[in-house]
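The sequence and the structure come first.

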Amino acid sequence: MDFSKLEFITQKFFVNSKVLNINNVNIGLINKTYIIEHLYDGQKSKFVLQSLSNIFDSHEKINDNHILITDHIKKKAKEIYFNFYYKRWEVPNLIKCKFNNLYIFPFESGFWRAMKYIDKTFSLEILEDEIMAYETGLGLAKFHFICSDIDCSLLETSIKNFHNTKYYKDQYLITIKEYNSLKSDVLLNKRIHDLINCLSIHVEYVDLILKCISKKSINSNVIHGDPKLSNFLFDIQYKHVVSLIDLDTVSSGYFLTDLADCIRSICNSAGEDPKNIENVNFDIKTCRNFLEGYFSINNGQIDCSFELLPEFIYLIIFELTIRFFTDFLQSNIYFKIKYETHNLFRSEVQYRLLSSFLMQISDFSKDLKEIGIPSDFTFVSDMQKLV
């Protein structure tokens, strides 16, 4: 989008604002995001301007959820018991539009919103060291802890079937059945069919795991829904987590889902979108440091449900693999892409990560046992047979 249009939208949120600079943020896979530097009330400042994707059921719902979470965190963060080690914790507050007194501004068939820019922070796509893995775990635990007393029923559903692995699996099976391979060249067809063949050994087993989990008693809590590494903001000076952003996927769910998805993201030593797929590897040491950080604060007792963490990691990587693959086969209608086969490559990356995790699952199970979390021997044994 050109400068003049972004400046026009900015002035709907900040009357008489003069835009000085626009930085396009390319990390997110769904929304279009910009950091706007402007002159407002005689002072230079920044804010985040975002065009919301049409994948959401309702833009009002995601903003309602956003406000519910940020208001709660702001209130709780003032209380002494939440002041963990006297480290700051901030939230990406929504900014009300001056033009319509709402938190959304419709423009050219799109919907725009503005958010507070959290200063003196940085984000990562690949962790720098073991300490930051620990800090990421601690940051996710803080988010879970401070949101633990929110009534889950107050949250609206922003994306239907989000993290519904069975739904994504069923959609994937329908898509590969209907896909016309005649449209693709020989090399591309080989990549597609190789991935289909690799995934076929997992499809039936996933159903068995889901049935097993459905019989367990797992508490529902407020979860972030998409705690990938790039959604954590780190303090520039001290390098601890000061915020967990991108709250559009906040929902009622299992802590295990957030833990598994965060582990999936940070433990890929090559990053989510590597230059060389051969470098993709599940880093067990990073995972151990992350878990030490997560369980370093009192987030409640480690209950029996945490023994399902290996299953949840397996499911979340499988889920994202087939989501990227399905989107590619459906002509890239969900995730933003930089080139035509981008989602196919992302899917191949996730499958390689899944294979790496399964090859090390015995070591992972031992690490969990050391921090007091047993795991299902049968699952570990079955997974070792799949690779």
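A cavity is a set of grid points where a 1.4 Å probe fits but cannot get out. Its volume is the space filled by probe spheres set on those points. The model is predicted, and with that definition it holds one cavity of 30 Å³ or more. The largest cavity has a volume of about 30 Å³.

**Cavity and pocket**

The largest cavity is lined by I73, W89, E90, V91, P92, F143, S243, L244 and L247. By class, this lining divides into seven nonpolar residues, one polar and one charged.

Helix α8 gives the largest share, four residues.

**Aromatic pairs**

How many aromatic pairs does the structure hold? The number is 18.

| Pair | Centre to centre | Angle between planes | Type |
|---|---|---|---|
| Y254 and F312 | 6.1 Å | 80° | edge-to-face |
| Y334 and F335 | 4.7 Å | 70° | edge-to-face |

Why does the pair of Y254 and F312 tie together parts that are 58 residues apart in sequence? Y254 lies in the loop between β11 (251–253) and α6 (255–266), whereas F312 belongs to helix α8 (residues 309–329), so the contact joins the loop to the helix. Y254 is partly exposed, with a relative accessible area of 29%. F312, at 8% relative accessibility, is buried, because the cut-off for that class is under 20%.

In the second pair of the table, the planes stand at 70°, so the contact between Y334 and F335 counts as edge-to-face, the class for angles over 60 degrees. Y334 is partly exposed at 25% relative accessibility, while F335 is buried at 7%.

Elsewhere, F8, F99, F105 and F107 form one aromatic cluster.

**The sheet of β7, β9 and β10**

Strands of a sheet pair through backbone hydrogen bonds, either parallel or antiparallel. Here three strands make an open sheet in the order β7-β9-β10, with antiparallel pairing. The edge strands, β7 (121–122) and β10 (241–244), each pair on one side only.

Strand β9 (residues 232–235) pairs with β10 over three bridges, and L233 stands opposite S243 in β10.

Is β9 covered on one face or on both faces? Both faces of β9 are covered: F232 and F234 are buried on one side, and L233 and D235 are buried on the other.

The hairpin of β9 and β10 has five residues between the strands, and K239 takes a positive phi near 65° there. The sheet also bears on the cavity described above: S243, which stands opposite L233, is one of the residues lining the largest cavity, and L244 is another.

Notes
Residues are numbered from 1 along each chain as its sequence is written. This is a predicted model: local features need pLDDT of at least 70, side-chain atom pairs count only at pLDDT 80 or more; totals for chains, interfaces and linings use all residues. Side-chain values use heavy atoms; hydrogens and water are left out. Rings of Phe, Tyr and Trp (its six-membered ring) pair if their centres lie within 6.5 Å; planes under 30 degrees apart count as stacked, over 60 as edge-to-face and the rest as tilted. Helices (H or I, at least four residues) and strands (E, at least two) are DSSP runs, numbered from the N terminus. Buried means under 20% relative accessible area, exposed over 50%, partly exposed in between (1.4 Å probe, protein chains only). Two strands pair if DSSP finds at least two bridges between them. On a 1 Å grid over the protein atoms alone, a cavity is a set of points where a 1.4 Å probe fits but cannot get out, and a pocket is an open set with protein on both sides within 12 Å along at least five of seven lines; lining residues have an atom within 4 Å of a point. Ala, Val, Leu, Ile, Met, Phe, Trp, Tyr, Cys and Pro count as nonpolar, Asp, Glu, Lys and Arg as charged, and the others, Gly among them, as polar.
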